[in-house]
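Here is a short briefing for a first look at this structure. Keep the sequence and the 3D view side by side as you read.

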Number of protein chains: 2
Amino acid sequence: MTSLSERQKLILALVIRDYIETAQPVGSQRLVDKYGLEFSSATVRNEMAALTDAGYLRQPHTSAGREPTEDGYRYFVRQLMGHTDLPDTTKRMITHQFYQARQDIDQWMRLAASILAHQSQAASLVTAPHPEQGHFKHLELVSTFARQVLMVLVLAGGEVRQQMLVLAEPVSQGQLSSVADKINQRCQGMDAEGISALLPQMDALGQDVLKLTIEELDRSSAVLGGEVYRDGLTNVLGEPEFSEVDMARRALRVLEERSLLEDLLSRTILTSGIGGVQVLIGGEGTWEDLRHCSMVLARYGAPGLATGALGVLGPIRMAYGRTISTVRFVAGLLSDLVVEMHLE
Amino acid sequence: MTSLSERQKLILALVIRDYIETAQPVGSQRLVDKYGLEFSSATVRNEMAALTDAGYLRQPHTSAGREPTEDGYRYFVRQLMGHTDLPDTTKRMITHQFYQARQDIDQWMRLAASILAHQSQAASLVTAPHPEQGHFKHLELVSTFARQVLMVLVLAGGEVRQQMLVLAEPVSQGQLSSVADKINQRCQGMDAEGISALLPQMDALGQDVLKLTIEELDRSSAVLGGEVYRDGLTNVLGEPEFSEVDMARRALRVLEERSLLEDLLSRTILTSGIGGVQVLIGGEGTWEDLRHCSMVLARYGAPGLATGALGVLGPIRMAYGRTISTVRFVAGLLSDLVVEMHLE
DNA sequence: ATTAGCACTCTCGTTACGAGAGTGCTAAAA
DNA sequence: TTTTAGCACTCTCGTAACGAGAGTGCTAAT
């Protein structure tokens, strides 16, 4: 398990590069021809045998070419790939799209998902930013019909929640406004705990409203509080590894089902800091459904204010360089937007 | 092209029923055995030949069993199937889930999509209800940072829109509130046109706000203004007709891409009234991507107030009875909810 | 340490073939 | 006139056989 020679690293990198491109096992002769190597195919074969022993390559069958193992990809991503970055023109184009969009969280999220999917030609997901601990900013009560009241709650950071409230008896819009005013004055910037302490000071109506508010603030601190945005689910269906539909189904189910996604995110990206990009290759032995997939995940936002997650799901045979750069860049962009929104 | 005899109708119905169940071409002998028919397989063969001539059945190859053509399905759905309805227990279960959910449009939409997907074992979509013509109900301006203002707009019906507004120079929260108050008093219940007429009466800030408001009201009258909720996309991948991944990809792309969906909805369901269920079989010669799919669509809501669309996408070989009943029932349920929300 | 040479292995596309399922037609039965 | 039994015919599908092609691993020479 000694470390690899430079030539072995070169060959490993070339095999992975070629395999990512063609999805075909790559043979020694082909490698020499295509990349104009200085040494012969026999040498390559020897090195390949060594790389196979080391667990980085595999033969689908005796006497086919080699393809990378999951460990091979991991080694590549961590040791060989180096730090890649998007070309400046691409960066500018993406930034431009963001600033051209309407100034609206929903639009931004949708755009982020779309850009990730498009750049990586894979499936993407983005979760809306939510505060680790929700803070009250503003509340509005709008009478709709008789005893029904629409409550609109604005959290610090601009997230808006709406909730229906059914009263015991009809209340005029005037009364509602005065209750809302009182709450707006007293609860400015508070979290759920602080608001709980104010409960006794309020009348019955006020208490009802505050209880709902507290419930919403608590909800926002859940792992996967907000909306999940997805895009490019069909990109991934084109890849040959998903020609076995069952693979595709299991992979897409992870993105579709909230419970699976929650498990995935809580055990990976949410345990890491902002800014780092995590690469999950082949389910990492933990997620059976992702055995034939890789995910590139990152957390964005500002700790203490609000954070969200974003990522890409594709076949293991994925263009990691480009994907990682894109995820990193978009995460940075969204982080900036979150900070801007939270300035106050 | 004379009309079918009773026996032909019976045989057509049985062929379709069996084919829906097994996805295999069905032969004459098999039909007689399985359903205990009174007449012999030779008779069935004769009738099948007639049905084939009439265009309702087809042979995948000479001397395989028969399978329904698209026209066959259409005849079945329109003439043979009769009016089916969900069992009462199922209806109660669904209703229960709705009233147990939080009173929140978002939750309801998600639930509707989930129920459709689950009941039909296919992919579902639901669009949020939006007014054909948006009406102003309430506006709130919240100062966030220096010149940035969060505008929250509540439409009649409870739909909430948020929008960011960047001012030329800083304005205090007090001033913002007084502008909002003024607008709330004057614009109650108005549509975009009415509000435009008020523009000259306002100061610069007021005009900016109203312009944005008008823009939002207009947006809500677009065909596909609101959010689209999807569920069960992976259900459909299990069906044998989608083992050819390319079929699956093209079908799912229709649900995924807003532009395709918009085209589809605007040319089908939006041209029909509330309550009716439309069945699109095999793309109806218009949508190439849907050649191997069927969709069951309905519009829900209250004309003049707000409407939305919902539907199911599955293989042509779909359990139409159950699916149609489910779509009809859920559409009714959502219509009721829309009406309740709009009472005022 | 590298490489030319070669025997060996395994996949994949093609072809051949028989079993099985189902049809269409004809002639007999109802 | 309608239904049905009987039968020859057709087409698919799974299996086996086979050769071409690609690639390997090993040995011996450089």
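In β9(A), A:L297 is the bridge partner of A:Q278. β8(A) and β9(A) run antiparallel and are joined by five bridges. The model is predicted. The points below start with this sheet, then turn to the cores, the chain contact and the DNA.

**The sheet in chain A**
- The open sheet has five strands, in the order β7-β3-β10-β9-β8 (chain A), with antiparallel pairing.
- β7 (228–231) and β8 (277–281) of chain A stand at the edges with a single partner strand each, so one side of each has no neighbour in the sheet.
- On average, neighbouring strands of this sheet are turned by 15 degrees against each other, direction ignored.
- Strand β9 of chain A covers residues 293–302 and is mostly covered, with nine of its 10 residues buried.

**Strand β10 and its partners**
- β9(A) and β10(A) run antiparallel, joined by 10 bridges.
- Here A:A306 in β10(A) stands opposite A:A302.
- The hairpin of β9(A) and β10(A) has three residues between the strands. In this hairpin A:G304 takes a positive phi near 90 degrees.
- Strand β3 (residues 123–127) of chain A pairs with strand β10 (residues 306–315) of chain A over four bridges, in the antiparallel sense.
- A:L313 in β10(A) is the residue that A:A123 stands opposite.

**Nonpolar cores**
- The largest nonpolar core has 142 residues. Those touching the most other members are A:A112, A:L310, A:V330, B:A112, B:L310 and B:V330.
- A second, separate core has 40 residues, including A:V209, A:L217, B:L210 and B:I214.
- Leaving out residues up to four places away in sequence, B:V330 touches B:A112, B:I115, B:L116 and B:L310.

**Where the chains meet**
- Chain B has 30 residues in contact with 30 residues of chain A.
- On the side of chain B that touches chain A, β4 (136–145), β5 (148–155), β6 (160–166) and α10 (245–256) of chain B each supply at least two residues.
- That side of chain B has 14 nonpolar, nine polar and seven charged residues.

**Around DNA strand C**
- There are 21 residues around DNA strand C, and A:F39, A:T43, A:T62, A:S63 and B:G27 come nearest.
- Elements giving two or more residues to this surface are α3 (41–53) of chain A, and α2 (28–35) and α3 (41–53) of chain B.
- α3(B) gives the most, with four residues.
- By class, the surface near DNA strand C has seven nonpolar, 11 polar and three charged residues.

How values were computed:
Residues numbered from 1 in each chain as written. Chains lettered and ligands numbered in written order. Predicted model: local features only at pLDDT ≥ 70, side-chain atom pairs only at ≥ 80, totals over all residues. Core = buried A, V, L, I, M, F, W, Y, C linked by C-beta atoms within 7 Å. Buried ≥ 20, exposed ≤ 12 C-beta atoms within 10 Å, placed from the backbone. Contact = placed C-beta atoms within 7 Å. Near = placed C-beta within 6 Å. Nonpolar A, V, L, I, M, F, W, Y, C, P; charged D, E, K, R; others polar. Pairing = 2+ DSSP bridges. Axes fitted to C-alpha atoms, helices over the stretch in contact; angles between N-to-C directions.
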